[in-house]
Structure formats: C-alpha cells, structure tokens
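Here is a friendly briefing to read with the model open beside you.

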Amino acid sequence: QNTARIAPENLPSFTTNTVKNPVDPGDIRKTVDVGDGTVVDEGDRVTYSVKYVNTTDAPLDVTITDTIPEGTTFIEDPDDPLNTPDPTGTLTWAQTIQPKKMMEVRFTVRVNTGTAGTTIVNKARISAPGITAFDTNEVRNPVRPAEQKEVSVGNGTVVNVGEEITYTVSYVNDTAAVQSVRITDQVPLQT
C-alpha cells in the first residue's frame with residue numbers, strides 16, 4: 001500500500017488517498033489423497049495436503065491453518081507429534097519460505113461412523129505479513145450412503161398368511177456423474 005504527501009507552494013499540504021495492491025500470494029493447492037469428489041466410506045482414512053510455493057522475490061513468513069473437517073476424527077502422526085489440533089480442531093503451521101521454494105503440510109483423518117449420506121468438506125487458510133489472508137480451493141468427498149431396503153409392515157414384524165407385503169429398495173447416486181444402475185432383488189421364499 002502507498003500514500004503520498006503533497007506540499008504545493010503557498011498552499012497547505014495534504015495527503016493523498018491510500019492505494020493498495022495485493023501481493024501475488026504464490027502458487028497454492030489443496031488436495032486430498034483419495035481425489036476431490038471421490039466417494040469415501042465410514043472408517044476410511046483420508047489425507048489432506050496443502051502445497052504453497054512462494055512466487056515472490058523475498059522470503060515470506062507463511063502461516064497455514066486448517067480445521068479438522070466435520071464428520072472426521074484426527075489421526076495422530078507418529079512422525080510429526082507436534083502436528084496436533086488445538087481444542088477448536090484447528091491445525092497451524094508457520095514457516096519462513098524462501099523465494100521460489102515450497103512449503104507442504106498434511107494431516108490424516110478417519111471418516112466417522114454415522115456420516116453416511118453426508119459430504120466431508122475441507123479447505124485451508126494462508127496468511128503472511130503484507131498479504132491479504134485467503135482460502136485455498138475446497139475439496140469435497142461424499143460419504144457413501146447406506147443402502148436402504150424397507151418393508152411395508154416394518155422390519156421384524158410378524159405377518160399373517162395371505163397378508164400383502166411391499167419391499168422398497170432405494171439407492172442414491174452420490175457421485176457427480178450420471179450412473180447406470182441395476183437393482184436386483186430375489187422374491188422371498190414362502191411368498
């Protein structure tokens with residue numbers, strides 16, 4: 001940012017408006033090891049990475065923060081015991097990055113039980129002195145929904161001979177692509 005002071009002869013001096021030009025924050029990319037948009041299952045391990053390249057001509061004191069995504073549990077890394085989230089679930093890494101050099105951080109989580117049918121979402125935040133803080137790209141992974149089969153009289157209900165029973169099978173396409181799906185079901189014995 002820059003502000004000028006002007007002092008004309010025989011007139012009071014004054015200050016110009018301040019102009020701000022953000023510094024190019026560098027090359028940054030948020031990734032997930034299973035692939036952005038890939039369907040995951042409850043219990044799966046998922047590793048997130050952030051790569052930042054300082055594209056400026058000066059060293060930068062970079063801070064990367066990332067929050068453990070909702071619906072997951074942090075897995076401690078025995079090779080990096082200091083890499084643990086604070087009580088709010090936020091991980092913080094700070095490092096001086098030399099010009100044209102890269103900083104990479106990562107952490108691993110497990111997809112929680114009870115998350116079927118939801119989507120795990122994650123992004124990180126980058127900040128450095130003189131640079132406006134910004135968010136990385138967002139990665140999203142749907143959690144496979146449990147397959148559903150229902151019976152009109154209720155599962156486990158005793159039925160009478162001659163009673164009509166309706167079975168319903170449902171499937172949700174939790175991918176971003178059109179899917180060709182075939183559902184098969186065998187007619188129960190004694191019906």
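**Salt bridges**

Seven salt bridges are counted in this structure, which is a predicted model. Side chains of opposite charge can pair when their charged atoms come close. The points below take up some of these pairs, then turn to the rings and the patch.

*Lys100 and Asp57*
- Lys100 and Asp57 are joined through their side chains by a salt bridge, with an N to O distance of 3.3 Å.
- This pair connects distant parts of the chain, 43 residues apart: Lys100 sits in the loop between strand 7 (90–97) and strand 8, and Asp57 in the loop between strand 4 and strand 5 (60–67).
- Lys100 and Asp57 are both exposed.

- Because Asp135 belongs to strand 11 (residues 131–135) and Arg125 to strand 10 (residues 124–128), the pair ties together parts that are ten residues apart in sequence.
- Asp135 has a relative accessibility of 37%, so it counts as partly exposed.
- Arg125 is also partly exposed, with a relative accessible area of 37%.
- Lys123 joins the picture too: a network of salt bridges links Lys123, Arg125 and Asp135.

*Glu138 and Arg140*
- A salt bridge brings together the side chains of Glu138 and Arg140, at 3.2 Å from N to O.
- Glu138 is partly exposed because its relative accessibility is 36%.
- Arg140 has a relative accessible area of 40%, so it is partly exposed as well.

**Aromatic rings**

- The count of aromatic pairs comes to two.
- The pair of Tyr48 and Phe107 is tilted, because the ring centres are 5.4 Å apart and the planes meet at 35°, while the tilted class runs between the 30 degrees limit for stacked and the 60 degrees limit for edge-to-face.
- Tyr48 lies in strand 4 (residues 45–53) and Phe107 in strand 8 (residues 102–111), so the pair links distant parts of the chain, 59 residues apart.
- Trp93 belongs with them, as Tyr48, Trp93 and Phe107 form one aromatic cluster.

**Nonpolar surface patch**

- Val169, Tyr171, Val181 and Ile183 make a nonpolar surface patch of about 340 Å².
- One of these residues, Val169, is found in strand 14 (residues 167–170).
- The relative accessible area of Val169 is 35%, so this residue is partly exposed.

Definitions and conventions
Residues are numbered from 1 along each chain as its sequence is written. This is a predicted model: local features need pLDDT of at least 70, side-chain atom pairs count only at pLDDT 80 or more; totals for chains, interfaces and linings use all residues. Side-chain values use heavy atoms; hydrogens and water are left out. Rings of Phe, Tyr and Trp (its six-membered ring) pair if their centres lie within 6.5 Å; planes under 30 degrees apart count as stacked, over 60 as edge-to-face and the rest as tilted. Helices (H or I, at least four residues) and strands (E, at least two) are DSSP runs, numbered from the N terminus. Patches are made of residues with over 30% relative accessible area and no salt bridge: like charges are joined within 9 Å, nonpolar side chains (Val, Leu, Ile, Met, Phe, Trp, Tyr) within 5 Å. Accessible areas come from the Shrake-Rupley method with a 1.4 Å probe; for residues, only the protein chains shown count as cover. A salt bridge is a side-chain nitrogen of Lys or Arg within 4 Å of a carboxyl oxygen of Asp or Glu. Buried means under 20% relative accessible area, exposed over 50%, partly exposed in between (1.4 Å probe, protein chains only).
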